[in-house]
Amino acid sequence: MAEPVSGTTAEPPVAEAPAAAKMKSEEEEKGMRVMVAVDESDASLYALSWTLDHFMAASSAPAWLGSLIVVHVQQPFHQYILPAGAVTVYAPAAVTDSMRKAQEQNTANVLSRAKRICVERNVTVETLVMDGEPKEMICQAVELKSVDLIVVGSRGLGRIKRAFLGSVSDYVAHHAKCPVLIVKPLKEDH
Amino acid sequence: MAAAAEKTPMMVVVGIDDSEHSYYAIQWVISNFLSVHGTFKLAIIHAQPSPAYAVGLSGTGTADALPYVESDLTKISSRVIDKAKELCSANSVKDVVYEVIEGDPRNILPEAVEKYHADVLVVGSHGYGAIKRAVLGSVSDHCAHHAHCSVMIVKNPKPKH
């Protein structure tokens with residue numbers, strides 16, 4: 001059997017997890033539950049394709065990827081318009097409706113792009129949609145689905161912007177209960 | 001699976017220090033990545049704090065203490081590397097490079113990423129809270145921002161209530 005030049009021995013997946021007291025499914029010890037958080041940004045979809053490209057040994061059955069979940073968090077839009085003067089005006093039903101529809105459309109778009117990336121690589125994916133503040137919901141989704149790894153993209157905000165705009169990847173890196181992978185977009189200047 | 005599509009092996013740099021979190025990170029990488037059969041190359045980098053940094057500014061007598069601190073740190077470093085080697089050989093991982101670099105891990109790790117053209121930088125996490133992070137600083141934070149590649153932060157599963 002020709003070995004790759006790098007010389008790394010291909011060990012069959014040994015039941016080697018003494019220190020890994022994590023929630024690994026027992027039935028498939030090769031199975032690693034990976035969740036990727038996506039939104040409309042290209043960075044997050046890049047994160048998804050990066051993950052799949054780097055962690056799929058062969059085009060045949062992915063030995064590594066136990067299961068893949070793609071999660072999209074819908075940010076709640078406020079049901080009321082900003083206070084005009086001293087009075088908070090509630091948006092008429094029609095407006096909320098159309099906003100909601102637009103949001104659903106957006107979500108559907110994001111998920112279909114994500115699914116397409118997975119299908120291209122022959123990976124089955126489960127999708128999950130949550131409502132709320134993205135950073136919190138992602139961490140909740142991690143616990144909900146007992147994932148082993150959460151992948152987020154990074155918009156590459158600088159330090160100042162991060163402080164003000166907040167960063168989902170920062171928050172998740174600190175608060176998620178499982179390992180976090182932050183995928184950075186390719187830098188053109190190298 | 002040598003018949004797989006010829007991809008260049010993925011380069012993984014793991015930054016470690018003398019803590020349980022680091023060894024856990026190595027073990028995690030090995031258990032999870034390397035079951036993908038041989039498309040990974042590993043570089044394990046230990047950032048050895050420089051003596052002055054380790055001692056801090058502790059007044060008089062520091063200059064005398066430095067040589068001892070230095071040799072102590074070197075001892076710790078070799079112990080760390082030995083333990084890493086142990087972990088790797090216990091899992092039959094070959095194709096690993098080990099390096100000890102003196103200095104601040106926050107600078108060393110991104111540099112190592114450049115040097116090895118890493119695809120992923122893996123670091124453990126001490127799991128400091130917000131205050132400690134602000135005071136002690138966080139290597140994993142800094143790397144997450146400054147490394148030019150994807151960064152994975154491996155956390156110890158703390159038995160949280």
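How are α1(A) and α2(A) oriented to each other?

Good morning. This is a predicted model, in which local features need pLDDT of at least 70 and side-chain atom pairs count only at pLDDT 80 or more, while totals for chains, interfaces and linings use all residues. Residues are numbered from 1 along each chain as its sequence is written, chains are lettered from A and ligands numbered from 1 in the order in which they are written, and side-chain values use heavy atoms, with hydrogens and water left out.

Let me begin with the two chains. Chain A contains five helices and five strands; here helices (H or I, at least four residues) and strands (E, at least two) are DSSP runs, numbered from the N terminus. Read from the N terminus, the order of elements in chain A is β-α-β-α-β-α-β-α-α-β. Chain B has six helices and five strands, in the order β-α-β-α-α-β-α-β-α-α-β from the N terminus.

Of the 190 residues in chain A, 41% are buried, where buried means under 20% relative accessible area, exposed over 50%, and partly exposed in between, with a 1.4 Å probe and protein chains only. In chain B, 50% of the 161 residues are buried. The accessible surface is about 10600 Å² for chain A, with 56% of it from carbon and sulfur atoms. For chain B the surface is about 7700 Å², and carbon and sulfur atoms account for 58% of it. These areas come from the Shrake-Rupley method with a 1.4 Å probe; for residues, only the protein chains shown count as cover.

I now return to the opening question. Two packed helices are described by the angle between their axes and the distance between the axes. In chain A, helix α1 (residues 42-54) packs with helix α2 (residues 93-120) at about 20 degrees, and their axes lie 10 Å apart. Axes are lines fitted to C-alpha atoms, for helices over the stretch in contact, and angles run from 0 to 180 degrees between N-to-C directions. The two helices, α1(A) and α2(A), are therefore roughly parallel to each other; that term covers angles under 35 degrees, with over 145 roughly antiparallel, 65 to 115 roughly perpendicular and the rest oblique. On the α1(A) side, Asp42(A), Leu45(A), Leu48(A), Ser49(A) and Leu52(A) meet Val110(A), Arg113(A), Ala114(A), Ile117(A) and Cys118(A) of α2(A). Contact means heavy atoms within 4.5 Å.

Helix α2 of chain A also holds Thr107(A). Is this residue buried or exposed? Thr107(A) is buried, at a relative accessible area of 5%. Beyond its neighbours within four places in sequence, Thr107(A) contacts His72(A), Gln74(A) and Val129(A).

In chain B, the axes of helix α4 (residues 105-116) and helix α6 (residues 139-146) come within 9 Å and cross at roughly 40 degrees. Pro105(B), Arg106(B), Leu109(B) and Pro110(B) of α4(B) make the contact with Val139(B), His142(B), Cys143(B) and His146(B) of α6(B).

Finally, I turn to Val151(B), in strand β5 (residues 150-155) of chain B. Val151(B) counts as buried because its relative accessibility is 0%. Which residues does Val151(B) contact, leaving aside neighbours within four places in sequence? They are Val180(A), Leu181(A) and Ile182(A) from chain A, together with Leu121(B), Cys143(B) and Ala144(B) from chain B. Cys143(B) was also named in the contact of α4(B) and α6(B). Thank you for your attention.
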